[in-house]
Amino acid sequence: MTSKFPFNLKISLIVVTMIFFVGCSESQKDKTPWVDLFDGQTLNGWSIVGGNALYEVKVGAVVGTAVSNTPNTFLTTDQMYGDFILELDYKVDSSMNSGIQIRSNSVPNYRNGVVHGYQIEIDPSERAWSAGIYDEQRRGWLFALTDNKKAQEAFKQDE
């Protein structure tokens, strides 16, 4: 029995079908291992830089206690990291301003070792600038949340 389709058209249909099925296959998952920065028990691998705040481990969490009228205090990793995805949970006292420094440094030849670099703001105040980007000890606000109402409403104190 002869086919109604020419040989070239059959080959083309087979190739298109194969491409379709290959294109629909699940992409390979990223196998880059996650690195836990905190062991849940100690502050091994971390250093305190700057002011007088106290950092300690309580019930598997890092707890920082601010000291009023003293310079900012930073808990910094002892290791430098390249590209990363940072995931964490945090709670902050409603009367305090805080943040997470990323891509920041403390080197002796820059303002006597002051911590400088990007900070992701944690702001429980009415201003509600949590997740804004502040350039600590350099340019100041790079991205304040004054015009992003959804972002300002995302932070929920005590949640």
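The legends below describe several views of one predicted model.

This is a predicted model, in which local features need pLDDT of at least 70 and side-chain atom pairs count only at pLDDT 80 or more, while totals for chains, interfaces and linings use all residues. Residues are numbered from 1 along each chain as its sequence is written, and side-chain values use heavy atoms, with hydrogens and water left out.

**View 1. The protein as a whole has two helices and eight strands.** Helices (H or I, at least four residues) and strands (E, at least two) are DSSP runs, numbered from the N terminus. Along the sequence, these elements follow the pattern α-β-β-β-β-β-β-β-β-α. The protein has 159 residues, of which 14% count as buried, where buried means under 20% relative accessible area, exposed over 50%, and partly exposed in between (1.4 Å probe, protein chains only). Among the contacts with a separation of 6 or more, 32% come from residues 24 or more positions apart, a contact being heavy atoms within 4.5 Å.

**View 2. Four strands form an open sheet in the order E5-E6-E7-E8, with antiparallel pairing.** Strand E5 (98–105) and E8 stand at the edges with a single partner strand each, so one side of each is left without a neighbour in the sheet. From one strand to the next the twist averages 30 degrees, with axes taken as lines fitted to C-alpha atoms (for helices over the stretch in contact) and angles running from 0 to 180 degrees between N-to-C directions. Two strands pair if DSSP finds at least two bridges between them, and E6 and E7, which run antiparallel, are joined by four. The bridge partner of Gln119 is Tyr134, in E7.

**View 3. Trp129, Tyr134 and Trp141 form one aromatic cluster.** Rings of Phe, Tyr and Trp (its six-membered ring) pair if their centres lie within 6.5 Å, and planes under 30 degrees apart count as stacked, over 60 as edge-to-face and the rest as tilted. By this rule there are two aromatic pairs. In one of them, the ring centres of Trp129 and Trp141 are 4.7 Å apart and the planes stand at 90 degrees, so the pair is edge-to-face. Because Trp129 lies in the loop between strand E6 (116–122) and strand E7 (133–136), and Trp141 in strand E8 (residues 140–143), this pair ties together parts that are 12 residues apart in sequence. The rings of Tyr134 and Trp141 are also edge-to-face, because their centres are 5.1 Å apart and their planes stand at 70 degrees. Trp129 is buried at 13% relative accessible area, whereas Trp141 is partly exposed at 31% and Tyr134 is partly exposed at 27%.

View 4. Trp141 and Glu121 are 20 residues apart in sequence, and their C-alpha atoms are 9.9 Å apart in space.

**View 5. Asp135, in strand E7, has a polar contact with Arg138.** Asp135 is buried, with a relative accessible area of 0%, and a polar contact of 2.8 Å joins its side chain to that of Arg138. A polar contact is a pair of N or O atoms within 3.5 Å; within protein, one must be able to donate a hydrogen and the other to accept it, and residues adjacent in sequence count only if both atoms are side-chain atoms. Leaving aside residues up to four places away in sequence, Asp135 touches Gly117, Tyr118, Gly140 and Leu142. The charged end of Arg138 sits over the ring of Tyr118, 5.5 Å from its centre, a description used if NZ of Lys or CZ of Arg is within 6 Å of the ring centre and within 35 degrees of the ring normal.
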